[in-house]
Amino acid sequence: MNLPQQLQEFLKYPALKVSDVNTVLPPDEKTFDGLGQATLSTFLAGLFKVTRSQQSAVTISSQSNPQQLLPIIFNGEEEMNTIAAYADQPISVVKIKIAEVSAGYLNLMQQQPVEETQKADYLQNLLTDQRHEILRYVPVGLKLGELLNDGSLEDNTNKMEGPVYSLMHKIENVFSKSD
């Protein structure tokens, strides 16, 4: 499973572009949906960060309303303002887009064959396994680590590929397990 790509396909967004640590924008700017990619990756990274605690994972896995999910993941509108500035869009458009991503995420999770009592553990394990996939799509110019107060999310090695980096990402996943 590649959660960012599944969510992108479900929402019918243009294909996600892997961020290049040497540039701020992906190589093919004409087909790059900065707003879609920024909202999707910020939502999933925020979800990853907040679900490191079992209590938050239980709270999130019990949500069915996208609007109730957002305040659990984000601390106010700072994230929305940052996305708006990055994508050069009004905050009202960003709020619509992030609500769309949240609804799409909930829809995807409802399709997973997981028993109610196992949803929190499933969510924590899924996001731990998907950490690298999520972070490789975060636009470099978004400065997500700073935004979410977690420097490990900003580490440029998250965007590097190859045999050595693949091994390194597997090790990172082991150490990013939930509390």
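Here are some questions and answers about a predicted model, looking at one helix, a pocket and a few salt bridges. Local features need pLDDT of at least 70 and side-chain atom pairs count only at pLDDT 80 or more, while totals for chains, interfaces and linings use all residues. Residues are numbered from 1 along each chain as its sequence is written, and side-chain values use heavy atoms, with hydrogens and water left out.

Q: Which residues of helix α3 are buried?
A: Helices here are DSSP runs (H or I, at least four residues), numbered from the N terminus, and α3 covers residues 54-61. Buried means under 20% relative accessible area, exposed over 50%, and partly exposed in between (1.4 Å probe, protein chains only). The buried residues of α3 are Ser 56, Ala 57, Ile 60 and Ser 61.

Q: Why do the buried residues of α3 line one face of the helix?
A: Picture looking down the axis of α3 and taking the directions from the axis to the C-beta atoms, which give the arc. The buried residues line one face because they fall within an arc of 125°.

Q: Which helices do the buried residues of α3 pack against?
A: Contact means heavy atoms within 4.5 Å. By that rule, the buried residues of α3 pack against α2 (34-50), α4 (66-73), α6 (91-110) and α7 (119-135).

Q: Which element gives the most to the lining of the largest pocket?
A: A pocket is an open set of points on a 1 Å grid over the protein atoms alone, where a 1.4 Å probe fits, with protein on both sides within 12 Å along at least five of seven lines; lining residues have an atom within 4 Å of a point. The largest pocket is lined by 15 residues, with Ser 61, Gln 63, Met 109, Gln 110 and Lys 119 nearest its centre. The elements giving two or more residues to that lining are α3, α6 and α7. With four residues, the one that gives the most is α6.

Q: How many salt bridges does a search of the whole structure find?
A: A salt bridge is a side-chain nitrogen of Lys or Arg within 4 Å of a carboxyl oxygen of Asp or Glu. Among them are Glu 116 with Lys 119, closest N and O atoms 3.3 Å apart, and Glu 133 with Arg 136, at 3.0 Å. The whole search finds four.

Q: How far apart are the closest N and O atoms of Lys 95 and Glu 77?
A: Lys 95 counts as partly exposed at 36% relative accessibility, and Glu 77 also counts as partly exposed, at 40%. These two form a salt bridge, and their closest N and O atoms are apart by 2.7 Å.
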